[in-house]
Amino acid sequence: MQQWLKRLNSLLNKYWRVGGTAISFIAFGVGGIVLRLMIFPLLNLIVRDEQSRIVWARRIIRLAFRAFVELMSALGVLSYRISGRERLQRKGLLILANHPSLIDTVLLMAFVEQADCIVKSALWRNPFTRGPVRAAGYISNAHGPELVDDCISSMRSGGNLIIFPEGTRTPADGNMSFKRGAANVAVRGACAITPVIIRCTPATLGKGNKWWKVPATMAHFEIEIQQDIDIRDIPGVTGDACNPTLAARQLTYYLQNYFMKES
C-alpha cells in the first residue's frame, strides 16, 4: 500500500510540474506582450534620452526575468542556488557560461544588472520578444563584421555582456563545441572573463527535449560565478607577437577544456 501511494504521489508530482511548466511559459509569453504593448511604449514617452531608456529597459527586463524564475520556483518546477553572486556586482563584465538548458539566459539575466547579450535576428521579429529586445538595445547577431566591435563597446560603456560560447544548448552527451566569437571579443577587447558554470540536476529543457518531458524529480540549478580568468595568463593569447586570429583560436581551445572540466 505504501509503495502504491509513493508511486501515485510521484506521478501526481510529475504532472503538477508539467502543468507548472506550461503555466510558466504562458506567463512568459503574456509578459513579453505586456512589456511590448504597454510598458515599453510608456517608457518611450517618459524617458526621452536613449541611453537612459536602455538602462531602465534592462532594469525592467531583469525584474521581469527574476519574477519568472521565482514563479517557476513557487510552482515547484525548479529550485536554484547561486554562489559567488557578489562577483556580478561590477560593471563592464564579459560573462561566459555553459548552456545546459533552455532557461539559462533567463536565469543569468535575472541576477545580472545592466545585462547585455547577443540576440538572434529572429527574436527581433518575434512578437513576444521584439519589444523588450529593441528597448534594451541588445546586440543583433545580424551585424556581421561589426559584431565584435559592438560587444566591446557595450562593455566599455558599462554593460555586462553575457555570451554562451557554444552558441546553442549543450548536447545530452555533454560534449561542448565552442565558437570563436567569445574569444574574439576577449582578445580584441583585452578584457578578463567571468566564467559561470551552470549545473542542472536532473537534466531538463535540454537540447532536443520537449518542454513537457519533465524529469522524475524537480530540477535543481547550481549557478556558480567563478573567479575571473585573466587572458594574459594563458600562453599564446596575449603579447606583441600574437596574431589576434591565432590568439582567439588558442583561447577558444582553453575555454572549451576549462568548461568541460568544471561542468
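Buried, in what follows, means under 20% relative accessible area, exposed means over 50%, and partly exposed is in between (1.4 Å probe, protein chains only). You're looking at a predicted model, where local features need pLDDT of at least 70, side-chain atom pairs count only at pLDDT 80 or more, and totals for chains, interfaces and linings use all residues. Residues are numbered from 1 along each chain as its sequence is written, and side-chain values use heavy atoms, with hydrogens and water left out.

Let's start with helix α1, which covers residues 2-46. Helices here are DSSP runs of H or I with at least four residues, strands are runs of E with at least two, and both are numbered from the N terminus. S10 belongs to α1 and is partly exposed at 37% relative accessible area. Its C-alpha sits 7.7 Å from that of A216, although 206 residues separate S10 and A216 in sequence.

What does T21 touch once its neighbours within four places in sequence are left aside? The contacts are V77, W211 and V214, where contact means heavy atoms within 4.5 Å. A polar atom of the T21 side chain also lies 2.7 Å from the backbone oxygen of R17.

I26, another α1 residue, is exposed at 57% relative accessible area.

Now jump to helix α5, residues 147-156, where the buried residues are L147, V148, C151, I152, S154 and M155. Looking down the axis of α5, these buried residues fall within an arc of 155 degrees, so they line one face of the helix. That arc is taken over the directions from the helix axis to the C-beta atoms. As background, an α-helix has 3.6 residues a turn, so residues three or four places apart point the same way.

And what covers the buried residues of α5? The cover includes strands β2 (94-97), β3 (115-119), β4 (139-140) and β5 (160-163), along with helix α6 (181-189). S140 in β4 gives a local view: S140 is buried at 7% relative accessible area, and beyond its neighbours within four places in sequence it contacts V119, S121, W124 and L147. Just after α5, G158 takes a positive phi of about 105 degrees.

Next, the charges. Side chains of opposite charge can pair when their charged atoms come close. A salt bridge here is a side-chain nitrogen of Lys or Arg within 4 Å of a carboxyl oxygen of Asp or Glu, and the whole structure has six of them. One of these joins E222 and R81 at 2.9 Å, N to O. E222 lies in strand β7 (residues 219-225) and R81 in strand β1 (residues 78-83), so this pair ties together parts 141 residues apart in sequence.

R90 and D228 form another salt bridge, also given as 2.9 Å, N to O. R90 is in the loop between β1 and β2 and D228 in the loop between β7 and α7 (244-262), so the pair ties together parts 138 residues apart in sequence. R199 and E224 meet at 3.1 Å, N to O. With R199 in strand β6 (residues 194-201) and E224 in β7, the parts tied together are 25 residues apart in sequence. R199 is partly exposed at 27% relative accessible area, and E224 is partly exposed at 26%.

Most residues other than glycine have a negative phi, and most peptide bonds are trans. The peptide bond from T201 to P202, however, is cis, with omega near -15 degrees, and P202 lies in the loop between β6 and β7. L205 is found in the loop between β6 and β7 as well; L205 has a positive phi of about 50 degrees although it is not a glycine, and counts as buried at 7% relative accessibility. A190, in the loop between α6 and β6, is another non-glycine with a positive phi of about 50 degrees, but A190 is exposed at 66% relative accessible area.

Note on methods. Polar contact = N/O pair within 3.5 Å; in protein donor to acceptor, adjacent residues only side chain to side chain.
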